[in-house]
Amino acid sequence: KVYKTLSVLDSSLLTRIEPGYLKFVRHDEAKPTKKSQPYINQVVRMARELLSIAEQKLTDKALPNSWQEKLATNTALLKRVLEENVRIITDENGQQCCEEINDKPKDRLLSVADPEAKVGATSNTKRFVGYRAHVHMTSTGYITNVLGTIAPVNEQKYLLSMFDEECARHKLQPPKVIGDAMYGASGENRQGIRDRGSFLVS
């Protein structure tokens, strides 16, 4: 995003990194594997150089406000990705290189296309980046309530509030509520559903 924005504003700014950048975005067959240290060092070096160019361009007072805002947003994303994932160190030969940060922040940026997206899991081994849809429906498949949240939010968190909302909206009084084990993991949910005249089966 930073590269594309700068290429529109002033492509001459990118002359010193363009050959290397194009090699990677075109998926050159000769490039090293993504996990190799030389590859990582080169990607980070180009990203830091791109960041430096962008930050310099942001000081240009002649830059229109709309482009200033767009470039500032994308530059902040690039800076955050670098700060949260790699650190610069000096190797045994006195050369600067980078290493991956193992203790990454829990709220780290996972998608520059959607900065709000987070990691969720459907099991101990299956993970995904995005959002979670909490869907309630009748036994016949009629959807009574839907709530979208970031992926890490547990299903049981909104069970009672969604139940109250759908009962009021649709004038429902179901004798029982059926869900997977996660919904019943909370004693508060079981008691809450019971207090509302229903029974939680999970």
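At 48% relative accessibility, Arg 169 counts as partly exposed, a label for residues between buried (under 20% relative accessible area) and exposed (over 50%), using a 1.4 Å probe and protein chains only. This is a predicted model, in which local features need pLDDT of at least 70 and side-chain atom pairs count only at pLDDT 80 or more, while totals for chains, interfaces and linings use all residues. Residues are numbered from 1 along each chain as its sequence is written, and side-chain values use heavy atoms, with hydrogens and water left out.

Arg 169 has a partner: its side chain meets that of Glu 165 in a salt bridge (3.0 Å, N to O), meaning a side-chain nitrogen of Lys or Arg within 4 Å of a carboxyl oxygen of Asp or Glu. Both residues sit in helix α5, four residues apart, or about one turn of the helix. Helices (H or I, at least four residues) and strands (E, at least two) are DSSP runs numbered from the N terminus. Glu 165 is also partly exposed, at 40%.

The structure holds seven salt bridges. Another of them links Arg 87 and Glu 99, with the closest N and O atoms 3.2 Å apart. Arg 87 belongs to strand β1 (residues 86-90) and Glu 99 to strand β2 (residues 96-100), so this pair ties together parts twelve residues apart in sequence.

Now for the sheet. Three strands make an open sheet in the order β3-β4-β5, with antiparallel pairing; two strands pair if DSSP finds at least two bridges between them. At the edges are β3 (118-121) and β5 (143-150), each pairing on one side only. Seven bridges join β4 (residues 127-137) to β5, and His 134 has Leu 147 of β5 as its bridge partner.

As for the nonpolar side, a core is a set of buried Ala, Val, Leu, Ile, Met, Phe, Trp, Tyr and Cys residues joined through side-chain atoms within 4.5 Å. The largest has 16 residues, and Leu 71 is one of those touching the most other members. Helix α3 (37-57) is among the suppliers of at least two residues, and α3 gives the most, with six.
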